[in-house]
Amino acid sequence: MKKRFLSLMMACTMAVSLTACGSPSQETTTAAPKQENTTAAPTTTAAENKDNKDNASDAVTLKWAIWDQDTTPYWVALKDGYEATHDNVKIELVDLGSTDYMTVLATQLSGSTSAFDVVSVKDVPGYATLVQKNTIEPLDSYIKADNIDLSLYGGATDQITVDGSLYQLPFRNDFWVLFYNKDLFDAKNLAYPTNDMTFEEYDALARQVSSEDFGSQIYGAHYHTWRSAVQLFGVLDGKNTILSGNYDFFKPYYELVLNQEADGICRKYTDLKTESLHYSAAFAGGDVAMMNMGSWYISTLISKLQSGEYLKEDCGNWGMAKYPHAEGVEAGSTLGTITGIAITTGASDKDAAWDFVSFVSGTEGAQIMAQTGNFPAIMTDEAMELIAGLEGFPADEQSKEALKVSNLYLEVPYHESVSEVNSILDTYHASIMSGEMSIDDGIAAMNEEIGKILK
C-alpha cells in the first residue's frame, strides 16, 4: 500500500457547462395498411441476409454510471470519442449526481440484476465497498489477454489491487500542488515559492509575506478545513500512510499550522467553519499568498477569471509550485486521488464493456481527457503540452515544471476498513483544529481507535 509512483500522473476538471445528452426517445408507430407493390423488390443473397442479421444482433448499448454530466466535459467527450470508432455500440450516460454518488451507486448495484454495465469509481472507500459487495468484475483475465502494460499507470494499480486482483482501471488523477499569488510577493519584493521547498522554508516564507496592517491583512498561507490539508503533509515520505495505525508523525504538521493560526499567518479553522468560507473564494479574495490544494483548482481559477467571476486584480497573477516537503524527502513528492472505471458483475455484455473500459483508461482516453483540460492517469508528453497550453494557464516555466511529479502516493490506499479509518481521522482532526482536544490527545485517540480496526 505504500508503493512509489514512478511516472507522472496528473488530473484537473474544467468547470464548464455542456448540454446534457439524453437517450434517444423511443417512438411507437402503428403499421400502415399493406399495399401491393408492382415494382420488384431488390433481391438479396443468402450471405447478405446473414450479414444484415449479424450486424443487427451485434448492436450493443452500454449503460455507464457517472456524476455531474453538465459540468464535467470529459463524460460526453469520452462517449463521443468511443462511439465515433464503434458504430455498433451506444453509450448511455446515467447521471447519479455527485452528492453521495458512491452510496447511491452501491445501492443500485445491490440487486440481482445490474442497472449498469460500466461504472465510474469516484474514490477508494467507494471502490472498497463495491469490491466487498461483489458488484464489480475482476479485470485480470482481460488485462492478461490484451497484454495491458500496467506500468503506464505509474504504480496506481498496485495500490488498488485487492488480494492479487484488480477491479478497476484509473483514467483520471488529481494531485496536490501549492498555488500562490505573485502580486503579494511582488509587493514585498520577495522571491516566489520554489519547486523545492522544505516545510521550514515554506513556513518562513509564509511569515515573511504576511501582513497584519489594518485594512490590508495578508495571510501567508491558507488551509481548507479538510483533514487532508494538514494530515497529508505527513505522508509524503512514502513510509507513512493513513493506514499506519500510529499517527505520531502528524504532530509537527499540526504544530506548524496551529502556530501559524496563533500568529495570524493563516485564517483560523474555527472562523472558516463558522463562515463556511470555501477555499476557492479565500484565494480569489486576493489576500492569500499561498494555498495548498488539488490540481482540480487549476481549471476553476482559469474558468472563473475568464468569466469575470474572479477579478484579475485580486488573483489573476497566479502561479504554482510543487508541494513543500520534509527534509530528506524528494522534491515533487505529493499526494493524489484517482478516478477509475469498472465493469459490473451483472453487465449484459462483459466483452463489450471491457472494450470500452480499456478505451477510456488507455492512451486514446488519455488524449481525450487532456483535450478537455483534465489530467489523465496515463500521462504522455503530448497530453502535458495540451494542458500547459490552456489559455489562462501560467506562462512561467516554474508553474509548468510544478506539474511534474516525482513520487505520488494515494491519499487513501485500499483497505477493507478504509471508510471507518477516514471517519475517525476526520473526527479527531476537527477536535484538534477547533481546540477541543490537544494535539497529543487527538493523536492518541486516533492511534487507539484506528489501531483496533486495523488489527
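Helices (H or I, at least four residues) and strands (E, at least two) are DSSP runs, numbered from the N terminus. The model is predicted, so local features need pLDDT of at least 70 and side-chain atom pairs count only at pLDDT 80 or more, while totals for chains, interfaces and linings use all residues. Residues are numbered from 1 along each chain as its sequence is written, and side-chain values use heavy atoms, with hydrogens and water left out.

**View 1. Phe375 in the loop between α15 and α16.** Phe375 is placed in the loop that runs between α15 (363-371) and α16 (381-388). Its relative accessibility is 0%, so Phe375 counts as buried (under 20% relative accessible area; exposed is over 50%, partly exposed in between; 1.4 Å probe, protein chains only). Trp296 is 79 residues from Phe375 in sequence, with 9.0 Å from C-alpha to C-alpha.

**View 2. Met293 in strand β5.** Strand β5 covers residues 290-294 and includes Met293. Met293 has a relative accessible area of 0% and is buried. Leaving out residues up to four places away in sequence, Met293 is in contact with Phe175, Trp176, Val177, Phe179, His224, Trp226 and Tyr279; contact means heavy atoms within 4.5 Å. Between the C-alpha atoms of Met293 and Ser228 there are 9.4 Å, and along the chain 65 residues.

**View 3. Packing of α2 and α14.** Helix α2 (residues 74-84) packs on helix α14 (residues 350-361) with axes 11 Å apart and an angle of about 120°. Axes are lines fitted to C-alpha atoms, for helices over the stretch in contact, and angles run from 0 to 180 degrees between N-to-C directions. The two helices, α2 and α14, are therefore oblique to each other: angles under 35 degrees count as roughly parallel, over 145 as roughly antiparallel, 65 to 115 as roughly perpendicular and the rest as oblique. From α2, Leu78, Gly81 and Tyr82 meet Ala352, Asp355, Phe356, Phe359 and Val360 of α14. Of the residues in this contact of α2 with α14, six are nonpolar, one is polar and one is charged (Ala, Val, Leu, Ile, Met, Phe, Trp, Tyr, Cys and Pro count as nonpolar, Asp, Glu, Lys and Arg as charged, and the others, Gly among them, as polar).

**View 4. Buried residues of α2 and their cover.** Tyr74, Trp75, Val76, Leu78, Lys79, Tyr82 and Glu83 are buried in α2. The cover over the buried residues of α2 includes the strands β1 (60-66), β2 (89-95), β3 (118-121) and β4 (169-181), together with α14 and α15. In the chain as a whole there are 19 helices and eight strands, and buried residues make up 53% of its 455 residues.
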